[in-house]
Amino acid sequence: MSKHLIVGMGPIGSATARLLAARGEEVVLVSRSGATPATADLPGVRSVRLDATQSAALAELATGAAVLYNCANPAYHRWATDWPPLATALLAAAERSGAVLATVGNLYGYGAVTAAMTEDTPLAPNSEKGRVRARMWEDALALHRAGRIRTTEIRSSDYIGPHAQSPLGARVVPRLLAGRDVQVLCSPDTAHSWTYTEDAARLLVAVGGEERAWGRPWHVPSNPPRTQHEAIADLAEAAGVAPVRVGQIPAVITSMLGLVNPTVRALREVAYQLERPFVMDARAATAAFGLKPTPWTEVLTATADAYRTPNV
């Protein structure tokens, strides 16, 4: 049994904790609230209340840990202000403790692409959020190459799954289950990769414990791309409800919402991800670790069921 420290108790952090606890590891789950997640009743899991930007305290908690998992998720509209101090604290904790730093990343750093993204696609961010994420990886990789830390990163597309913050989440599924029409952000008819939260956790655990995985990013194995229109139709079928009409929120409405909703306002600079094909190639992780995406129908059923039983 080894110690594993997870920062962030959202869907990925909680799923990672479950996987590690089931393996018999000692798991410490850190969040600002210290609230007890559904995983806390598993042997070896304990929740700690801590602001992870407190570098010294985080490093002390990481002492003796084999892996430090960055599963944090600052407010979407506050990435530029909240990520830098948190990322700095995580790097310092990894260096002081010797724990491998395994980060949950995304595809923002690639910018607006014209082909399927692989781990070799150059980082060319065209948004503030993309520059934040690219800088986080570049800083970690520089310390790794200098021999000061050991690090790796997984990269996911937009998530799908229970409790995931997603274009296919709380704005869509409850309406679909109620038989009501759905309106989506940006184009409903462009190909898009969707990453299941549980698959992200599985890859995160794999790369954190594999020396051959360190020093590079890995894309999470995900099902073939589906447009928002197709994915919503698939969700309806999996949930056993009638198909619903899918439309696009008019740009003028989105602009008006952005005046009062900072999250909607923050989406403007990355709208390209849903306005043109946004496809991820994850064959490298499948070849290296034998991981395949959870079957699409299982992903959809789990997602729909989570909204039918929201407290489970």
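1. Helices (H or I, at least four residues) and strands (E, at least two) are DSSP runs, numbered from the N terminus. The model discussed here is a predicted one, in which local features need pLDDT of at least 70 and side-chain atom pairs count only at pLDDT 80 or more, while totals for chains, interfaces and linings use all residues. Residues are numbered from 1 along each chain as its sequence is written, and side-chain values use heavy atoms, with hydrogens and water left out.

2. His77 is placed in the loop between S4 and H3. With a relative accessible area of 40%, His77 is partly exposed, where buried means under 20% relative accessible area, exposed means over 50%, and partly exposed is in between (1.4 Å probe, protein chains only). Once neighbours within four places in sequence are left aside, His77 is in contact with Pro262, Thr263 and Ala266, contact meaning heavy atoms within 4.5 Å. His77 and Lys129 are 52 residues apart along the chain, and their C-alpha atoms are separated by 8.9 Å.

3. Helix H1, residues 11-22, has 12 residues and reaches 16 Å from its first C-alpha to its last, which is close to the 16 Å expected at 1.5 Å a residue; the expected span is 1.5 Å times one less than the number of residues in the helix. Buried residues in H1 are Ile12, Gly13, Ser14, Ala15, Thr16, Ala17, Leu20 and Ala21. After H1 comes Gly24, with a positive phi near 90 degrees.

4. Asn70 belongs to strand S4, residues 65-70, and counts as buried at 3% relative accessibility. Not counting residues up to four places away in sequence, Asn70 touches Val7, Trp83, Leu90, Leu101, Ala102, Thr103, Val104 and Met136. A polar atom of the Asn70 side chain also lies 3.2 Å from the backbone nitrogen of Ala72. Such a polar contact is a pair of N or O atoms within 3.5 Å; within protein, one must be able to donate a hydrogen and the other to accept it, and residues adjacent in sequence count only if both atoms are side-chain atoms.

5. Thr63 sits in the loop between H2 and S4, where a polar atom of its side chain lies 3.1 Å from the backbone oxygen of Glu60. Leaving aside neighbours within four places in sequence, Thr63 is in contact with Lys3 and Ser97. Thr63 and Asn261, by comparison, are 198 residues apart in sequence and 40 Å apart in space, C-alpha to C-alpha.

6. Which residues of H2 and H3 meet? Ser55, Ala56, Leu58, Ala59 and Ala62 in H2 meet Ala89, Leu90, Ala92, Ala93, Arg96 and Ser97 in H3. Helix H2 (residues 55-62) and helix H3 (residues 79-97) pack at an angle of about 40 degrees, with their axes 8 Å apart. That makes H2 oblique to H3, given that angles under 35 degrees count as roughly parallel, over 145 as roughly antiparallel, 65 to 115 as roughly perpendicular and the rest as oblique. Axes are lines fitted to C-alpha atoms, for helices over the stretch in contact, and angles run from 0 to 180 degrees between N-to-C directions.

7. H3 also packs with H4, at an angle of about 10 degrees and with the axes 10 Å apart, so H3 and H4 are roughly parallel to each other. The contact is made by Trp79, Ala80, Trp83, Ala87 and Leu91 of H3 and by Glu128, Lys129, Val132, Arg133, Met136, Asp139, Ala140 and Leu143 of H4.

8. Ser127 is placed in the loop between strand S5 (100-106) and helix H4 (128-145). Ser127 is buried, with a relative accessible area of 1%, and, leaving aside its neighbours within four places in sequence, is in contact with Glu269 and Val270.

9. Two residues deserve a look for their backbone angles. Most residues other than glycine have a negative phi. His163, although not a glycine, has a positive phi of about 65 degrees; His163 is in the loop between strand S7 (158-160) and helix H5 (173-177) and counts as partly exposed at 45% relative accessibility. Cys186, also not a glycine, has a positive phi of about 60 degrees; Cys186 lies in the loop between strand S8 (182-184) and strand S9 (194-196) and counts as buried at 15% relative accessibility.
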